[in-house]
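Work through the exercises below with the sequence and the model open. Each task is followed by a stepwise solution.

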Amino acid sequence: MKKMKKIISFIIILAMLAGMVVSLSSCEKPEIYTLIENILENKTDESYYFSADLNIKINEEYLDEAMPKEMTFEITGEVWDSEANILVNLVQVDGEKYYGISMWIDKFGDRLYVDLNDLSKIILDLLYSTGFIDAPVIKLFENEIAYNYSYSDNYRLCFDLTDFDLDFFDKYIKNIEKIFTIKSSVNDNITIDRRMVQIDEPNDSFYFSDIKPKIDKELLKLPGYRYYELYVVIETDENKNNFMNILAIRENGKIEILDKIKLDCDLSKVRNDPESIYGENIIPMRYLLELLGETVGWDNTDKKAYKIKDGGNIYFEGNLIKSKTYISLLEIMVKTDYMLSSVAADEYIEFKLRRK
């Protein structure tokens, strides 16, 4: 599935902490932007220390009563080949000195680790208060952390940078310029010949990729984030493999092309008899209904899949193939509240599902 709108991204956190902003009124990138870019993308073989000062002011029209107007950070770090150890200290809030709140950001190859502690929570609250993260998103994220981990137990959140593209941050530039005034300075001229301290890769951590699907699934149940319509096309490739392709439209009008999934059901009867399209079990129940925000379960006693509605279970008839239940369009028509239209079976099997 494509990335959720405004889903929590480590690049936003780094941007706030490191002043990673390209000012629209500036012809050149700030030094710290280049520094962080080099660290994230392993653009230099040099080993060095760096220090930076970062001041963030929130513009008046975006201030909330509970928010500080201004925060100042001191950032120090060591870069060694594809590794980096960065310490962020909050040193001043609204002109008053502040001590005792800090966090580590460590990079080991293509893995980035961020502390989950009081400072990271302050950053998330700031991003929420200024509109970078929607309330449902941050609530689901914090619920997931509270259920499995704890801010107070020094857990670390790990991000995989394998397919990271720094250009992803560009779409936030205008919003940042409106909300924040950011000033920073960097000293990265301290080259080192050998590593002074060896820091082992942390093992008290968990991957963001492990909790993101759970957040995505819960967001699909919420108005505004839900899909309003799914346009489904089932195709067969030259190797006789069947795939389901979906063009999805959210309630806010955003159109997404979802990653296609492989189907293990038999499509031959529908191909030979297009009129049978309504009765054949060719629809992966869990996948399709969860896209529409439904909660799907499995009754191991009756060996049937069901969806939960108003606290009760609605059971579906279907075929169990490789641990997946495939159901018919007729089951969807009878046992759900979605409207089915544009049903066709020719070279492609097509239909639309829409909320009433």
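**Exercise 1.** How many disulfides does the count come to?

*Solution.* The model is predicted: local features need pLDDT of at least 70, side-chain atom pairs count only at pLDDT 80 or more, and totals for chains, interfaces and linings use all residues. Residues are numbered from 1 along each chain as its sequence is written, and side-chain values use heavy atoms, with hydrogens and water left out.

Step 1. A disulfide is a pair of cysteine sulfur atoms within 2.5 Å.
Step 2. Under this rule the count is 0 disulfides.
Step 3. Buried means under 20% relative accessible area, exposed over 50%, and partly exposed in between (1.4 Å probe, protein chains only). Cys158 is buried because its relative accessibility is 1%; Cys265, at 5%, is buried as well.

**Exercise 2.** Find the residues of the largest nonpolar core that touch the most other members.

*Solution.* Step 1. A nonpolar core is a set of buried Ala, Val, Leu, Ile, Met, Phe, Trp, Tyr and Cys residues joined through side-chain atoms within 4.5 Å.
Step 1. The largest such core has 51 residues, and those touching the most other members are Ile39, Phe50, Phe73, Ile75, Val88, Phe141 and Phe180.
Step 2. Strand β1 (residues 48-58) supplies the largest share of this core, 6 residues. Strands (E, at least two residues) and helices (H or I, at least four) are DSSP runs, numbered from the N terminus.
Step 3. A second, separate core holds 34 residues, including Cys265 and Leu288.

**Exercise 3.** Where is Asp110 found, and which residues is it in contact with?

*Solution.* Step 1. Asp110 sits in the loop between β5 (102-108) and β6 (111-115).
Step 1. Asp110 is partly exposed because its relative accessible area is 37%.
Step 2. Neighbours within four places in sequence aside, Asp110 is in contact with Asn42, Phe159, Asp160, Leu161 and Thr162.
Step 3. Asp110 and Thr162 are 52 residues apart in sequence, yet 5.5 Å apart from C-alpha to C-alpha.

Terms used: Contact means heavy atoms within 4.5 Å.
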